[in-house]
Amino acid sequence: RIAAATDGLSPEQLRTAPAPGEWSVNDILAHVRACADVWGDCIATILAEDHPTIRAMNPRTWMARMDYPQQEFRASLRAYTAQRAALVAVLASLLPDAWARAATVKGAGKTLERTVLGYADSVVVHERSHLKQMGRVAAAMM
């Protein structure tokens, strides 16, 4: 969907925000990619360890640390697409009990218990709104 929405846009258009204070398509991808990194790593940790304690990481902090907003859009999209395919493959292979595996998450206010299912659901819900946003911004750049 991202590739289709951005097909034909120039690198400049992908980096142009529709209005001051709003995100460009590239900024939205950087944010979605950072969230996928952080939450995907949490899923991997929960699956690899028995009830781990995870230190929360703000995806915006991760986005800046990884310099995602400065990366070229098409290369960043390829990396995000590969990451998503790997996550889907892991999730598709899970037995029902694995979805309930949990971690204690600290460092983002109140200590939380998060499950694989909870993280996967967060990824889907969060990205759905940003995909719509990306489509609107891409359309405005055409």
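Guide: A contact means heavy atoms within 4.5 Å. In this protein, residues 24 or more positions apart account for 74% of the contacts with a separation of 6 or more. The model is predicted, so local features need pLDDT of at least 70 and side-chain atom pairs count only at pLDDT 80 or more, while totals for chains, interfaces and linings use all residues. Residues are numbered from 1 along each chain as its sequence is written, and side-chain values use heavy atoms, with hydrogens and water left out.

Visitor: What makes the count of disulfides zero?

Guide: A disulfide is a pair of cysteine sulfur atoms within 2.5 Å. By this rule the count is zero. Cys35 is in no disulfide, since the nearest cysteine sulfur, that of Cys42, is 11 Å away. Seen from Cys42, the closest cysteine sulfur is that of Cys35, and 11 Å is too far for a bond.

Visitor: Why is Cys35 called buried?

Guide: Buried means under 20% relative accessible area, exposed over 50%, and partly exposed in between, with a 1.4 Å probe and protein chains only. Cys35 has a relative accessible area of 2%, and is therefore buried.

Visitor: Why is Cys42 also called buried?

Guide: The relative accessible area of Cys42 is 8%, so this residue is buried. Of the 142 residues of the protein, 38% count as buried.

Visitor: How do you know that Arg33 lies over the face of Tyr68?

Guide: A charge sits over a ring if NZ of Lys or CZ of Arg is within 6 Å of the ring centre and within 35 degrees of the ring normal. Arg33 is at 4.0 Å from the ring centre of Tyr68 and lies over its face. Likewise, Arg114 lies over the face of Tyr119, at 4.1 Å from the ring centre.

Visitor: Which elements make up the protein, and in what pattern?

Guide: Helices (H or I, at least four residues) and strands (E, at least two) are DSSP runs, numbered from the N terminus. The protein has six helices and three strands, in the pattern α-α-α-β-α-α-β-β-α along the sequence.

Visitor: What is the angle at which H5 and H6 pack?

Guide: Axes are lines fitted to C-alpha atoms, for helices over the stretch in contact, and angles run from 0 to 180 degrees between N-to-C directions. For helix H5 (residues 73-92) and helix H6 (residues 116-141), the angle is about 145°, with the axes 13 Å apart. Tyr80, Arg84 and Leu91 in H5 meet Val116, Ala120, Val123 and Glu127 in H6.
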